[in-house]
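Please open the structure in your viewer and keep the selection tool at hand. The stops below say what to select next and what is to be found there.

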Amino acid sequence: MLRSWRMKLKLLLATVTLAILLSWLYLFVGSLEYGRFLLLPPCLGEQPNRDVEREALASRVRRVEEENQQLRLQLGQAQAESSDGSPQWGTSAEDGDPPRGKRSNRTACPKHRTVHKCELLHVAIVCAGHNASRDVVTLVKSILFHRKNPLHFHFITDSVAHQILQTLFQSWMVPSVHVSFYNADDLKAGTCPPFALSQPEVSWIPNKHYSGIYGLMKLTLTKALPSNLTKVIVLDTDITFATDIAELWAVFGKFSEKQVIGLVENQSDWYLGNLWKNHKPWPALGRGFNTGVILLLLDRLRHLGWEQMWRLTAERELMSMLSTSLADQDIFNAVIKQDPSLVYRLPCFWNVQLSDHTRSEQCYTELSDLKVIHWNSPKKLRVKNKHVEFFRNLYLTFLEYDGNLLRRELFGCASLPSPPRDQLHQALEELDEDDPCYDFRQQHLTQHRIHLFFLQYEFLALPNPTDVTLVAQLSMDRLQMLEAICKHWAGPISLALYMSDAEAQQFLRYAQASEVLSTRRNVAYHIVYKEGQFYPINLLRNVALANTQTPYVFLTDIDFLPMYGLYDYLRNSIQQLELPQRKAALIVPAFETLHYRLTFPKSKAELLSMLDMGSLYTFRYHVWPKGHAPTDYAKWRTATVPYRVAWQPDFEPYVVVRRDCPKYDQRFVGFGWNKVSHIMELDAQEYELLVLPNAFMIHMPHA
């Protein structure tokens with residue numbers, strides 16, 4: 001670094017000298033030309049002297065120019081040596097440690113590493129299951145909030161996270177963000193094409209860590225990621241960024257020729273082996289390193305034979321350790337212990353580890369020091385830390401942050417091609433603002449973010465051919481209906497919830513605290529995030545409908561409680577009526593009460609008695625009789641077998657149909673005609689309308 005600055009100084013002095021000489025030459029030649037212009041004949045005796053002086057001056061200029069070029073060449077070589085990754089001794093802690101025996105007390109000027117404004121940054125994340133898919137959204141929000149560069153996210157996922165995150169990013173439509181997915185189930189077993197016919201990748205490694213087999217996936221990234229990808233930042237899902245990720249990407253420029261992995265030192269005493277009696281951790285260099293944030297030079301790792309390197313190390317250590325305790329982190333540390341030259345030591349503010357009893361407080365002295373926060377304790381937000389309240393508030397800010405605000409363009413950078421987004425923008429531009437229906441048409445074109453399976457859901461491996469899912473939609477003001485519906489309906493449920501980011505977190509806390517909801521694993525909650533002024537009722541219905549698994553669906557509204565035992569009754573009716581062989585819609589007659597407290601009828605006989613007493617009514621008979629009159633309630637009172645009814649205008653019953661039934665028309669938003677149009681479509685496609693004689697549902701009153 002010092003040599004480089006000396007070269008720069010010499011070059012500056014030489015350039016000044018050259019400029020002075022050139023000005024002298026210009027003046028000298030100019031005086032001759034000026035003399036000729038005045039027609040003053042030069043003295044014959046003086047002419048040779050002037051020619052000699054001019055030639056000497058020109059020779060001097062040429063010599064200075066040659067020295068100047070030589071200095072430029074030497075300066076270029078010095079700069080190349082300082083930028084090839086070899087450390088300059090006397091550098092700051094952020095620049096990493098110099099090799100042994102080459103330390104110096106000299107203080108060098110800091111190196112300025114910058115990332116090009118439109119450079120594409122690559123981020124890899126392993127994500128599996130419903131909970132991790134929810135956590136990773138907060139991480140992505142924190143990155144998008146601060147970022148100024150295009151991003152390419154590489155997700156290594158199981159089938160659950162793949163479906164959730166693919167739908168989320170497709171509906172999010174963030175400019176200058178590209179997403180790729182890699183099947184973790186294939187990677188762990190070594191069954192997809194670069195791994196086919198080879199030994200399992202990581203499934204052979206016993207792991208005690210709560211992350212399970214997915215906690216070992218980061219070891220496979222040199223194979224899993226595209227072969228032309230040379231470097232990548234690897235992150236855990238429990239990370240929160242407090243700065244632009246480009247600052248971390250710039251650190252790649254500080255690696256030496258031998259360094260291939262960038263890591264922050266572990267801030268707990270785990271690898272020191274003194275936490276309890278007979279505590280024996282995996283081998284590590286000093287305190288070891290934490291793998292929540294990793295910088296990987298993939299091309300160098302492939303050249304070094306990373307795959308064989310970590311495998312041999314893991315096999316050797318497992319002979320005595322028997323299993324990993326901290327998943328991939330144990331194996332990374334064992335490899336680094338063997339060859340410390342592989343690691344670049346990241347400053348600890350790039351991974352402030354908030355687990356119990358860590359030294360994380362030494363990583364920051366003020367707010368501006370914080371770069372990355374890592375909730376690496378199983379306790380997560382309940383971890384013990386002096387400043388945990390501040391960290392928790394920062395995390396909650398991104399947790400509840402409106403993701404729609406992150407759909408901003410990167411000015412000065414060409415957006416990555418996205419035909420769906422481009423088509424949407426074109427359609428919006430073509431709308432006529434003077435059209436009386438402009439607001440409705442605009443709402444129809446609004447692209448809502450969708451987070452499928454927001455909570456844990458157990459997918460059905462082989463659903464019963466007569467099984468049926470209750471399908472409904474709701475917003476925050478109808479949450480109180482969920483527990484009651486779950487008590488009345490034992491079968492699978494698919495719900496679309498229209499909420500803001502903050503409301504979705506309130507719902508999460510409500511569901512986790514509910515004894516009824518927290519124990520159900522067959523209720524699928526799909527969040528459709530709020531945007532626009534109208535309630536997109538038919539979009540919500542279609543989201544809930546599209547994500548059912550059973551052959552049949554019961555299309556209802558959230559304000560209705562189905563009769564006790566309706567789930568079993570519908571399955572029996574589907575079988576008895578041989579519905580798989582016919583195109584039919586089964587109608588469940590609808591009733592209502594005006595009483596907030598109701599003793600729910602346990603049978604049709606009890607319901608008829610309450611109907612006669614005036615505590616129940618046929619649904620909307622006093623407001624909108626046309627909506628349900630074709631059900632023929634008079635006939636239903638005495639019916640013992642299903643009966644067929646004809647469609648009539650404005651008919652909107654609640655029906656059981658095959659899952660592949662026509663979708664709802666999403667042009668209907670807000671109140672009115674949304675369900676009427678769907679029943680009209682069923683009739684147009686020649687569905688039979690069959691009323692079930694022993695089924696009913698009751699609408700509960702609400703504000």
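Begin by selecting lysine 487, which lies in helix α14 (residues 481-488); helices here are DSSP runs of H or I with at least four residues, strands are runs of E with at least two, and both are numbered from the N terminus. The model is a predicted one, in which local features need pLDDT of at least 70 and side-chain atom pairs count only at pLDDT 80 or more, while totals for chains, interfaces and linings use all residues. Residues are numbered from 1 along each chain as its sequence is written, and side-chain values use heavy atoms, with hydrogens and water left out.

Lysine 487 has a relative accessible area of 58% and is therefore exposed, where exposed means over 50%, buried under 20% and partly exposed in between, with a 1.4 Å probe and protein chains only. Leaving aside neighbours within four places in sequence, lysine 487 is in contact with Val516 and Tyr564, contact meaning heavy atoms within 4.5 Å.

Next, select valine 264 in strand β6 (residues 261-265). Its relative accessible area is 0%, so valine 264 is buried. Not counting residues up to four places away in sequence, valine 264 touches Phe289, Asn290, Leu346, Pro347, Cys348, Trp350, Asn351 and Gln353. Threonine 291, which is 27 residues from valine 264 in sequence, lies 7.7 Å from it in space, C-alpha to C-alpha.

From there, move to serine 323, in the loop between α9 (306-321) and α10 (328-338). With a relative accessible area of 8%, serine 323 is buried as well. When residues up to four places away in sequence are not counted, serine 323 touches Pro206, Asn207, Lys208, Trp282 and Leu318.

Two loop residues with positive phi come next. Serine 176, found in the loop between α4 (159-172) and β3 (177-183), has a phi near 60 degrees, a positive value in a residue other than glycine. Is serine 176 buried or exposed? Its relative accessibility is 1%, so serine 176 counts as buried. Aspartate 632, in the loop between β19 (617-618) and α20 (633-638), has a phi near 65 degrees, which is again positive in a residue other than glycine. At 32% relative accessibility, aspartate 632 counts as partly exposed.

Now display helix α3 (residues 129-146) together with helix α11 (residues 388-399), whose axes come within 8 Å and cross at roughly 90 degrees; each axis is a line fitted to C-alpha atoms over the stretch in contact, and angles run from 0 to 180 degrees between N-to-C directions. The contact is made by Asp135, Thr138, Lys141, Ser142, Phe145 and His146 of α3 and by Tyr395, Phe398 and Leu399 of α11.

A search of the whole structure finds two cavities of 30 Å³ or more; on a 1 Å grid over the protein atoms alone, a cavity is a set of points where a 1.4 Å probe fits but cannot get out, a pocket is an open set with protein on both sides within 12 Å along at least five of seven lines, and lining residues have an atom within 4 Å of a point.

For the largest cavity, which holds about 40 Å³ of space, select Val471, Arg541, Leu555, Thr556, Asp557, Tyr654, Tyr664 and Lys675, the residues that line it. The second largest cavity, with a volume of about 30 Å³, is lined by Val137, Lys141, Leu168, Trp172, Arg449, His451, Asp501 and Tyr529. Helices α3 and α4 each supply at least two residues of that lining.

Finish at the second largest pocket, where about 770 Å³ of space lies. Among its 27 lining residues, Ile537, Asp557, Arg620, Phe671 and Lys675 are the closest to the centre. β12 (468-475), α17 (537-546) and α21 (674-684) each supply at least two residues of the lining of this pocket.

Technical notes: Grid points are joined across faces, edges and corners, and a volume is the space filled by probe spheres set on the points.
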